[in-house]
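Here is a note for a colleague who is new to this structure. Please read it with the model open beside you.

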Amino acid sequence: MKDSCLDCHSNLPEPLGVSAETYSQNIHAQKGLTCAACHGGDASSDDPEKAMSGAAGWKGKVERKQVPELCASCHSKAELMKKYNPGLRVDQFQQYKTSVHGMKWAKGDGKVAVCTDCHGVHDLRPPSDPRSKVHPTNIATTCSHCHADAEYMKPYGIKTDQFANYEQSVHHDAMVVRGDLSAPTCTTCHGNHGATPPGVANVTAVCSNCHVFQAQLFETSPHKDVFAAMVLPGCVTCHSNHAIKHPTDEMIGMGPKAVCTNCHSQGDGGATQAEAMHTQLTELATAISSSEELLGRAERQGMEVSQAKLQAAQARDALLKARVSVHAFRDSEVKRDTDAGLAVTRQTYAAGQKAMEEWKFRRVGLGLSVVAIAITLVGLGLYIRNLEQN
Amino acid sequence: MSSMTNSVRHWLEERFPLDDIKTLMEKKKVPVHRYSYWYFLGGMTLFLFGVQVLTGALLLLYYRPGADEAFESVQFIMTQVHFGWLIRSVHSWSANLLIFMAFAHLFSVLFLRSYRKPRELTWLSGILLLFLMLGFGFSGYLLPWNTLSYFATKVGTEIPAQIPIIGRPTLLFLRGGEDITGSTLTRMFGFHVAILPAIATLLIGLHLALIQWFGMSVPPALEAEWRAFPPEKREVRFFPNFVLRELMAWYVALGMLGALAALFPWGLGVKADPFASAPAGIKPEWYFLFMFQTLKLIPAKVVGMDGEMLGILAFGLVGAVALLLPFLDREKPFNTRRWISGLACVFLGYMAVMTIYGWVAK
């Protein structure tokens with residue numbers, strides 16, 4: 001479809017300029033929509049007077065305040081959107097109005113995010129496009145444009161360290177470094193169009209969307225009622241919200257890096273349970289490490305230990321289960337899993353020892369064989385000499 | 001003890017002409033000269049083949065030739081069977097040493113000109129035996145059914161497919177179908193334990209009979225020397241003098257095999273997964289490396305013809321020349337002997353360089 005707007009505006013400097021290349025990558029342009037769809041006017045006319053006339057419905061520059069309703073004029077209409085993408089939701093504007101952004105927008109705040117701040121304007125791409133500002137790998141960066149700007153966020157009185165903290169987290173590592181698109185980003189926990197920070201009571205519900213077993217165990221743990229009574233934000237209490245680091249066994253117990261010490265004192269019931277769990281976990285981790293080291297040594301010596309190594313994977317699974325069981329906050333739950341793992345490590349360690357003993361046996365056998373062969377060779381040599389002398 | 005030995009000997013002498021056999025064995029002589037040590041290579045090759053037969057028979061007691069069972073049966077042999085690790089490792093190391101020794105024996109016979117009249121058929125049977133040993137190596141390599149052997153066989157069977165006309169039928173014959181499957185495994189197993197051993201038995205029997213019939217060859221220059229100065233000719237009895245010396249060499253080889261098996265046991269690898277992609281840098285065993293590396297380096301097109309096909313045909317030509325060598329060796333009207341030695345040296349150097357290159361190349 002002819003879009004005469006680009007004929008001029010592709011040659012104009014910023015802010016009026018829009019390159020044809022940029023606009024060609026816009027999802028709206030690819031679906032056949034012209035500039036007039038948002039700005040009004042007559043995109044088929046080459047005469048600027050006619051193209052940008054009031055009669056043709058020319059709106060001109062769309063103010064920030066007008067953006068949500070402008071976008072909603074299409075994106076909220078199910079019958080219209082079906083023609084372009086039947087799978088696309090049409091409740092974004094409804095959701096937006098429930099969000100912190102939307103509620104402040106409704107009160108006339110021109111600084112809060114509107115559709116174009118996240119999705120882009122003329123370079124608007126579908127979220128599945130890795131170059132889109134709302135592609136999962138780019139969402140955190142997009143949010144940080146405002147939420148990491150201390151000066152910009154001053155009037156709102158909220159922290160601006162979320163992005164910096166997120167960058168240190170395992171979730172960021174999974175998403176951005178390893179490319180796991182199922183890893184959480186800002187919108188996973190806060191919502192996208194209806195973006196609102198989860199309330200204290202809702203944190204566990206949010207985390208449990210992925211961390212199902214941990215959440216189930218927590219629900220039956222002694223911590224559930226205590227946290228609720230103390231108005232503690234569930235999982236965030238121990239794991240933080242944005243700077244969620246990779247958990248270690250040192251987090252449990254009464255050691256210097258343990259989170260339990262934030263509430264528990266040495267000697268109290270909780271501390272005893274925590275120390276017991278820590279001991280169980282480290283005991284299994286050490287046993288796994290020892291048996292893997294022994295099996296590795298045996299393998300380097302040329303011994304066949306593949307079956308034992310396969311079995312050792314079961315011990316690692318048991319340790320993983322035990323680390324999940326921690327969320328029941330009862331050492332008996334953890335002990336059940338660590339005991340299963342220790343049973344496996346005893347077998348794999350024994351297999352490693354057997355392999356090393358076999359290795360020593362082979363060396364001794366080789367030595368004896370070489371001696372026997374050497375004696376035979378000397379005997380043969382002497383016999384030949386004797387034979388030929390006679 | 002000695003009375004029992006005498007009783008047994010007497011029992012056998014009543015039924016078999018042991019004295020005649022002893023006289024025949026003592027009558028056979030082995031020339032002694034500065035190149036005599038090369039005579040041991042043939043016996044060494046035979047010894048290693050014997051080790052292969054013995055260890056192979058023992059492995060057959062536990063090996064199961066099927067895609068679902070082969071790897072596991074080898075794993076069982078290596079881990080559960082008493083001294084299974086030793087038998088399997090000796091079998092694998094001995095296979096490599098056997099092929100090396102076969103090549104060494106071939107080149108020693110070539111440079112000592114032992115192929116010349118009247119020993120042409122001995123040479124012919126020897127070359128065919130070398131091809132058989134390579135066939136043993138190729139067929140046996142797939143039997144553990146691990147990743148390396150699966151993909152090496154896949155690449156290896158694709159090479160003859162380049163030969164015009166017979167290429168595709170050859171590929172289908174070797175694989176038992178389009179792809180490497182359990183059918184290929186059972187086929188290779190059949191080749192390895194039945195067909196090739198049967199042919200090898202006949203050829204080895206013929207080869208040894210011809211050696212016994214014609215006796216040991218002496219290099220032409222030495223033969224001329226001895227004709228001129230008969231007193232300089234030295235010989236030892238084959239039995240027991242040469243046999244005892246050969247026994248010493250066999251014991252050394254046995255010790256080496258044991259040491260290799262104990263110090264560097266043959267690995268099991270990872271079970272073959274036909275759906276996985278080929279490991280990067282997959283290459284065949286060392287004895288095929290020089291051919292493989294050559295084919296990799298030949299340009300795709302050479303004077304308008306397919307490069308790989310030309311390479312295969314070139315190696316085919318080398319094989320044909322090797323077979324017909326005794327008939328190409330002549331002094332009149334044109335002395336080809338120096339050419340033969342020179343080309344053999346060049347080819348030996350080429351094999352060595354390309355094998356090393358293929359080994360270190362990624």
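1. Conventions. This is a predicted model, in which local features need pLDDT of at least 70 and side-chain atom pairs count only at pLDDT 80 or more, while totals for chains, interfaces and linings use all residues. Residues are numbered from 1 along each chain as its sequence is written, and chains are lettered from A, with ligands numbered from 1, in the order in which they are written.

2. Domains of chain A. Chain A splits into domain 1 (198-245) and domain 2 (269-362). The bounds come from an automatic or database domain assignment. The C-alpha centres of these two domains of chain A are 29 Å apart. Eight residues of domain 1 and five residues of domain 2 of chain A form the contact. Two residues are in contact if their C-beta atoms, placed from the backbone, lie within 7 Å.

3. The domain 1 side. Helix 17 (212-219) and helix 18 (222-229) of chain A are the elements that give two or more residues to the side of domain 1 that touches domain 2. Helix 17 of chain A gives the most, with four residues. Helices here are DSSP runs (H or I, at least four residues), strands are too (E, at least two), and both are numbered from the N terminus. By class, this side of domain 1 of chain A has four nonpolar, four polar and no charged residues. Ala, Val, Leu, Ile, Met, Phe, Trp, Tyr, Cys and Pro count as nonpolar, Asp, Glu, Lys and Arg as charged, and the others, Gly among them, as polar.

4. Helix 17 of chain A. Which residues of helix 17 of chain A are buried? They are Gln214(A), Leu217(A) and Phe218(A). Buried means that 20 or more other C-beta atoms lie within 10 Å of the residue's own, with C-beta atoms placed from the backbone. Seen down the axis of helix 17 of chain A, the buried residues fall within an arc of 100°, so they line one face. The arc is that of the directions from the helix axis to the C-beta atoms. These buried residues pack against helix 16 (203-207), helix 18 and helix 21 (306-325) of chain A.

5. Chain B overall. Chain B holds 15 helices and four strands. Its C-alpha atoms fill a box of roughly 70 × 65 × 35 Å along the principal axes. Of the 362 residues in chain B, 28% are buried.

6. Where the chains meet. In chain B, 18 residues are in contact with 19 residues of chain A. Helix 4 (70-79) and helix 11 (238-263) of chain B each give two or more residues to this side. The largest share, twelve residues, comes from helix 11 of chain B. The chain B side divides into 13 nonpolar, four polar and one charged.

7. The axes of helix 22 (residues 331-389) of chain A and helix 11 of chain B come within 10 Å and cross at roughly 170°. That makes the two helices roughly antiparallel (angles over 145 degrees). Axes are lines fitted to C-alpha atoms, for helices over the stretch in contact, and angles run from 0 to 180 degrees between N-to-C directions.

8. Thr157(B). Thr157(B) sits in helix 7 (residues 147-158) of chain B. Thr157(B) is buried, with 21 other C-beta atoms within 10 Å. Not counting residues up to four places away in sequence, Thr157(B) touches Leu171(B), Leu174(B) and Arg175(B).

Technical notes:
Buried ≥ 20, exposed ≤ 12 C-beta atoms within 10 Å, placed from the backbone. Parallel < 35°, antiparallel > 145°, perpendicular 65-115°, else oblique.
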